[in-house]
Amino acid sequence: MNIIVCRDYEEMSRKAVELVAESLRETPEGLVSFAGGDTPLGTVHTFAEQVNAGAIDISRAHYVSLDEWVGLSDTDEGSCGLFNRVELLGRLEKPFAGVHVINGAAADIEAERQALNDYIAKYGPLTASVLGIGMNGHLGFNEDGIDFESDAHITPLSDVTKRVMCKYFGEKFHPEYGISQGIRQIMAAKRVILIANGAHKAEILSRAVRGEVTNSVPASILQRHPDCYVVADTAAAAGL
Ligand code: F6R
């Protein structure tokens, strides 16, 4: 694992984008994925700015979202899809060649899961995957106990995820299940960039990076990835 400690959130976001840009220079027709949530907001904004400025060429690249709450689509507040559309895709003046955003509200959620596998099989493997880490060590919705050989799957959310994630919904929505790219697909990415900021992430990040590789801390599997970068601000990196 390559560990990059950044002064602050802005530097973390810029560094993550540099790493994605380098991957896309090497593989301009590649497939990229960004997590939703609080951590990657600066990263996706910076990425869009650089695309619009002509510094990153995505005209031949494809985009796939990482995960979604089952029950929500990209028009629902708090959804990963809305994050993707508003914070990333909607800001791009020069679009990706193709985009797949998971619809967690699909009537046939099993078909939606299969569609995610199919898209990654067609345009993948991922060239660059930008991930955040959950308070239980999850990646996407690969919750504790996940089978490291999993592809796209629908999974019950852990109690920690449900508790922490009410920050997105308040009392409006109580998610029970998530749909997510699997660990096998994340591990097949040419490059993985795990970003983390804030003191609240220090302990789980240190368990993921310095602890044993175990599916009770799903992010720990990234220790076995051949081109993984952990990009963290000083507060999140305190335990490294
Ligand atoms: C969201 C996702 C989650 C988050 C993680 C950290 O699409 O994949 O795994 O990356 O829960 O969330 P934040 O960044 O909000 O702390």
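User: What are the ground rules for numbering and for the predicted model?

Analyst: Residues are numbered from 1 along each chain as its sequence is written, and side-chain values use heavy atoms, without hydrogens or water. The model is predicted, so local features need pLDDT of at least 70 and side-chain atom pairs 80 or more, while totals for chains, interfaces and linings use all residues.

User: Why is Thr161 called buried?

Analyst: Its relative accessible area is 2%. Buried means under 20%, exposed over 50%, and partly exposed in between (1.4 Å probe, protein chains only). Thr161 is therefore buried. Thr161 lies in helix H5, residues 159-164. Helices (H or I, at least four residues) and strands (E, at least two) are DSSP runs, numbered from the N terminus.

User: Which residues does Thr161 touch?

Analyst: Leaving out residues up to four places away in sequence, Thr161 touches Trp69, Asn136, His138, Phe141 and Glu143. Contact means heavy atoms within 4.5 Å.

User: What makes H2 and H3 oblique to each other?

Analyst: The axes of H2 (residues 41-52) and H3 (residues 80-88) cross at roughly 40 degrees and come within 9 Å. Axes are lines fitted to C-alpha atoms, for helices over the stretch in contact, with angles from 0 to 180 degrees between N-to-C directions. Under 35 degrees is roughly parallel, over 145 roughly antiparallel, 65 to 115 roughly perpendicular, and the rest oblique. So H2 and H3 count as oblique. Leu41, Val44, His45, Phe47 and Ala48 in H2 meet Phe83, Glu87 and Leu88 in H3.

User: How do you know that Glu22 and Arg191 form a salt bridge?

Analyst: Their closest N and O atoms are 2.9 Å apart. A salt bridge needs a side-chain nitrogen of Lys or Arg within 4 Å of a carboxyl oxygen of Asp or Glu. The pair qualifies. Glu22 is in helix H1 (residues 9-26) and Arg191 in strand E9 (residues 191-196), so the bridge ties together parts 169 residues apart in sequence. Glu22, Arg191 and Asp227 are linked in a network of salt bridges.

User: Is Arg191 buried or exposed?

Analyst: Arg191 has 8% relative accessibility, so Arg191 counts as buried. Glu22, at 33%, counts as partly exposed.

User: What makes Arg91 and Glu87 a salt bridge?

Analyst: The closest N and O atoms of Arg91 and Glu87 are 3.5 Å apart, and the two form a salt bridge. Arg91 counts as partly exposed at 37%, whereas Glu87 is buried at 19%.

User: How many salt bridges does the rule give?

Analyst: The count comes to 12.
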